[in-house]
Amino acid sequence: MRHLLTDQQMARHKEFKDFVALNVEPFAEAWDQEQKIPDHVVSMLASAGYLGSSLPPEYGGQGWDIVTLGLLNEAMGRGSSSLTGVLTVQAMVSMVLLKWGTEDQKGTWLPPLATGELIAAFALTESGAGSAIQSLATEFTWGPDRGSLILNGSKKWITCAQRAGVFLVFGKLEQRSMACLVPKGTPGLEVEPIRDLMGFRSAGLAQLTFKNVEIPSTNIVGKPGFAVSHVAPVGLQYGRISTACSGLGLLRGCFEESIAYAAVRKIADKTVGDIGMVRSLIARMGTDLEAGGYLCHNACHADDDHLPEVFEKTLMAKFFTSRAVVRAASDAVQIQGAAGCHASSPVSRYYRDAKIMEIIEGTTQIHEELLGKMFVDQARRLR
Amino acid sequence: MTSVNAGAEYGVKETVRRFILRSINVADLNDDDDLFESGLVNSLFAVQLMTFIEKTFAIEVGMEDLDIENFKSLNAAAAFVVRKNGAG
């Protein structure tokens, strides 16, 4: 796949991988056990410009293309799936504001998001509305003279919410879907950390509760009635691209750990890699890695070219890599046997993190529903 | 409407029609058929249509353009593109 990258993209990918080898991989296990990423690590991401990678320079971002955003997430995903959560939600909120924000909103919010001075979270999921975003129960009502909004409801499983300084909250106003920025610390907003997840343990998930939270109406993003059809899909698009590429990085981790183990671990007079059944597992893993790389590049490239097909290409990339990494992580543990079941081997964490990839930014089943319908409709049109 | 605008609008309409017929499962589409009330489109269609219009006609759909009247039908989308191009 490297032949599809420009020299600059390859150089940046190397820089990202070097960053991860030095600052992420050696510590990811400890973060997982402590269920927290230290603040200084997020500060390092910010200093390196990674939190504003795709925002234009006029707002303080790097202006990197989406292929490069994908490479960044792939590299980070190799080290820590939880850490990519910060990159993912920051990109989701930033890109929504870039597309649908007013000039005032862009001028106010994008510069601190680009530098990482401000961390954002994408507050869409509710306990009763996960992938079915049309079923949101969180409710906005108008305040006095329509100068403000009153927000009531709750959100669950919100990535990075423990750390975020601002939330992009989705709900309904007079039965129309709406999105609104809600700063942390607004009276009536409670942030309750969610601990003890199976994987993604240091991604800082939290539950949000809104009790008569008053927000200025200038914080509305987009227009009432368009949050589900136009605002959320822009964020989810970047969420899926980031997750697909992060899953690809995790898949590379499974592959690299497996081949390294298979090459040196001896059983009697043979190495594990001499066993045909292990070679079969590694062959599937390596081929999935190659195929996933092409799908992710295809999706990122379609986004850079602003093609309408980008949405289905991204669905395919996320669908494929998230399922492939679940298989690969399971096989990576299997190859290492008991050693792979212990925290001293990174593949035990990969196994737990991999499953999360099939849940976040749309479950596998939602992807199958959308993609399956698309392929069947294409066949009908060809008749 | 001037004849120049009418001609431009017809060209835009046919281009958008071809895209929609490629994207959704219908045999034909009338100029005033409501795309969103018809139930024919999935949750991704609105942003796909918007991205197609932006890419094909070199315009940018912004917050101020978020109005269902701009996208609800072929006629609406064509008029929006012509208006937006004129404004640019």
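In the predicted model, helix α4 (residues 66-79) of chain A packs against helix α7 (residues 227-264) of chain A at an angle of about 40°, and the two axes are 7 Å apart. The crossing of α4(A) past α7(A) is right-handed. On the α4(A) side, the residues that meet α7(A) are A:Ile66, A:Gly70, A:Asn73, A:Glu74, A:Ala75, A:Met76, A:Gly77 and A:Arg78. Their counterparts in α7(A) include A:Ile241, A:Cys245, A:Leu248, A:Leu250 and A:Arg252.

Chain A is divided into domain 1 (2-118), domain 2 (121-224) and domain 3 (228-377). The centres of domain 1 and domain 2 of chain A, taken over C-alpha atoms, are separated by 23 Å. Domain 1 of chain A contributes 22 residues to the contact between these two domains, and domain 2 of chain A contributes 18. On the domain 1 side, the elements that give two or more residues are α2 (28-34), α5 (81-100) and α6 (103-115) of chain A. Of the elements on that side, α5(A) gives the most, with eleven residues. The side of domain 1 of chain A that touches domain 2 of chain A has twelve nonpolar, seven polar and three charged residues.

Between the chains, 18 residues of chain A are in contact with 13 residues of chain B. The chain B side of this contact comprises seven nonpolar, four polar and two charged residues.

Technical notes: Residues numbered from 1 in each chain as written. Chains lettered and ligands numbered in written order. Predicted model: local features only at pLDDT ≥ 70, side-chain atom pairs only at ≥ 80, totals over all residues. Axes fitted to C-alpha atoms, helices over the stretch in contact; angles between N-to-C directions. Helix = DSSP H or I, 4+ residues; strand = E, 2+ residues; numbered from the N terminus. Left-handed = near helix turned anticlockwise from the far one by under 90°. Contact = placed C-beta atoms within 7 Å. Nonpolar A, V, L, I, M, F, W, Y, C, P; charged D, E, K, R; others polar. Domains from an automatic or database assignment.
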